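Q: I'm new to this one and would like to learn how to read it. Could you walk me through it, feature by feature?

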Amino acid sequence: MAFGFPSSFLHGLPLNNLSKNKFIFKAIEISKKLNWQLIEINKKEITFETVNSQNTWNEKIHITIETEAAYFISSSNGNQIYDKGRNKKNIEAFLELFYEADSQNENLEFSENLLSEYITTLKNNILNQNTEAIKTNRFYSFFSIFIPTKNYFITPILINLNILIFILMGLLGVNIFIPEIQEIIDWGGNYGPLTTENEWWRLLSSCFIHFGIIHLFMNCISLAYIGLLLEPYMEKWQLLTTYLFCGILASITSLYWNDNLVSAGASGAIFGLCGILIIFVLFKKLDEKLNSNLLLPLISLISINLLSGYKDGIDGAAHIGGFLSGILFGIILALLDGQRKKAIIAIYSVSIPLIIALSIICRNSKMYIYQTMEYENRMQDFVDMEKMALEAYGSSSSKEQMLYMIKDRGIYYWEENIKLIKELDKLYLPEKIHINNKNLIEYCKLRTELYELAYNKLNENTDKYDSKIGYLNSEITKIMTVIKNNSTQEF
């Protein structure tokens with residue numbers, strides 16, 4: 001058995017005065033008996049591809065014809081570490097028929113013109129074949145998932161990219177089993193308050209970030225098998241383009257539906273490919289056997305996964321957004337079947353305006369929510385500085401220490417709170433919060449004026465400020481009541 005990446009087997013065959021022309025004719029006849037598919041042919045080289053009943057990875061047999069010998073290389077189209085002896089058996093089967101072939105034509109002479117006409121005919125037959133290229137619907141080995149082949153090219157690249165990013169995250173300190181939410185955000189997770197603040201690249205980057213090795217494994221396996229079924233029926237750029245657009249639209253759907261959720265993972269884009277696959281099945285774009293056997297299991301599997309998206313910790317909105325996007329793209333591809341350029345142009349023409357429009361709608365609809373969240377988070381600073389300002393009043397026994405605390409601690413923090421509220425008031429907030437901000441600024445100003453009078457009273461050792469201090473305490477009590485009542489209302 002042969003080993004390698006891909007595994008292969010080499011063999012030389014002496015022609016023993018058999019002309020190159022005769023060998024080519026003889027090789028073609030033998031290939032028909034072996035049910036090998038002719039891929040390429042010229043006067044020096046012939047390439048065949050095996051066809052097997054299980055429709056798994058096959059082998060390619062390349063024959064180079066020299067004057068005195070022909071050299072065979074049978075190599076696996078897949079990426080199995082070993083071939084279980086299949087490549088060697090291919091060549092042995094050819095040689096057995098070669099030696100058993102009828103020798104009645106041994107003395108015939110084939111002219112160059114006859115050979116040229118024969119090769120031209122074979123080439124035309126290859127070009128005019130309307131049958132689809134041999135497609136795979138299962139993996140020969142686990143390693144087949146990761147290495148690109150003829151009809152499985154973009155999918156393994158996407159899988160490897162997801163794995164590479166995950167490995168990089170792990171090497172740089174991210175927990176590969178249960179990463180911190182902040183780590184996911186730092187690496188490009190889709191987090192509304194940041195995404196809508198002009199970090200729109202998160203819509204795409206989040207599709208390649210995963211919440212741990214289990215999340216990555218499940219998505220890679222799902223992507224591998226959906227890609228294996230779908231990719232043979234799509235152009236490479238079609239698959240890549242629709243995958244990325246489905247992922248972006250899934251992220252936007254998550255952004256719109258969820259208020260404070262960090263979203264990441266390839267599942268939205270994978271559900272998009274599922275949507276395309278369902279349309280291809282309904283439009284009968286796959287092999288007849290796949291069309292008849294795949295529809296009900298596929299619909300059942302997708303339905304179960306969409307329903308499970310409502311569980312805690314699963315971003316069901318992204319799944320639905322990606323799936324609906326895939327349905328749309330699948331319809332475009334099915335209607336424009338065979339028109340590659342028009343299909344790609346149509347997908348871009350639909351996707352880009354849709355992404356822009358949905359992003360604007362999402363930002364406008366969430367602006368209140370995200371900026372209100374920012375407001376509430378930063379109001380904790382207000383509470384902390386208010387506490388320190390209040391503690392500064394009457395916290396020391398000596399006059400000098402008291403004067404210092406009132407001026408350099410109390411008044412300072414009240415003025416800082418005024419600056420903070422004025423800054424927060426620039427956010428896009430509900431009108432009731434803006435009204436309450438005015439009350440908070442007035443409250444801080446009253447506190448500042450009270451502290452200034454208390455400073456003067458203590459410094460001058462006089463009672464002439466007492467009436468004014470009493471009035472300010474009364475106004476502070478009133479404004480605090482207003483603020484408290486407003487705070488109990490829902491914004």
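Q: How do S2 and strand S3 pair, and over how many bridges?
A: Strands of a sheet pair through backbone hydrogen bonds, either parallel or antiparallel. Here S2 and S3 (residues 45–49) pair in the antiparallel sense over 4 bridges. Two strands count as paired if DSSP finds at least two bridges between them. Strands (E, at least two residues) and helices (H or I, at least four) are DSSP runs, numbered from the N terminus. Keep in mind that this is a predicted model: local features need pLDDT of at least 70, side-chain atom pairs count only at pLDDT 80 or more, and totals for chains, interfaces and linings use all residues. Residues are numbered from 1 along each chain as its sequence is written, and side-chain values use heavy atoms, with hydrogens and water left out.

Q: Which residues are bridge partners there?
A: Ile41 has Ile46 in S3 as its bridge partner, and Glu40 has Thr47. A hairpin of 3 residues joins S2 to S3.

Q: What is the order of the strands in the sheet?
A: It's an open sheet of 5 strands, in the order S1-S5-S4-S3-S2, with antiparallel pairing. At the edges sit S1 (8–14) and S2 (37–41), each pairing on one side only. From one strand to the next, the twist averages 20 degrees; angles run from 0 to 180 degrees between N-to-C directions, and axes are lines fitted to C-alpha atoms, for helices over the stretch in contact.

Q: Which helices go with these strands?
A: Helix H1 (residues 20–33) packs on the sheet and touches S1, S2, S3, S4 (59–65) and S5 (69–76). Its direction makes about 5 degrees with that of S3. Helix H2 (residues 86–100) lies across S1, S4 and S5, at about 20 degrees to S1. Contact here means heavy atoms within 4.5 Å.

Q: How do I read the packing of H9 and H12?
A: Two packed helices are described by the angle between their axes and the distance between the axes. For H9 (residues 236–257) and H12 (residues 316–335), the angle is about 145 degrees and the axes are 7 Å apart. Among the residues that meet are Phe245, Leu249 and Trp257 in H9, and Gly321, Gly322 and Phe329 in H12. The contact divides into 9 nonpolar, 8 polar and no charged residues. For that count, Ala, Val, Leu, Ile, Met, Phe, Trp, Tyr, Cys and Pro are nonpolar, Asp, Glu, Lys and Arg are charged, and the others, Gly among them, are polar.

Q: What about the largest nonpolar core?
A: A nonpolar core is a set of buried Ala, Val, Leu, Ile, Met, Phe, Trp, Tyr and Cys residues joined through side-chain atoms within 4.5 Å. Buried means under 20% relative accessible area, exposed over 50%, and partly exposed in between (1.4 Å probe, protein chains only). The largest core has 59 residues, and those with the most contacts inside it include Leu230, Tyr243 and Phe280. H10 (267–282) gives the most to this core, with 10 residues. Leu230 touches Leu239, Leu273, Ile276, Leu277 and Phe280, leaving aside residues up to four places away in sequence. A second, separate core of 32 residues includes Met385 and Ile406.

Q: And how much of the whole chain is buried?
A: Buried residues make up 45% of the 491 residues in the protein chain. The chain has 16 helices and 7 strands.
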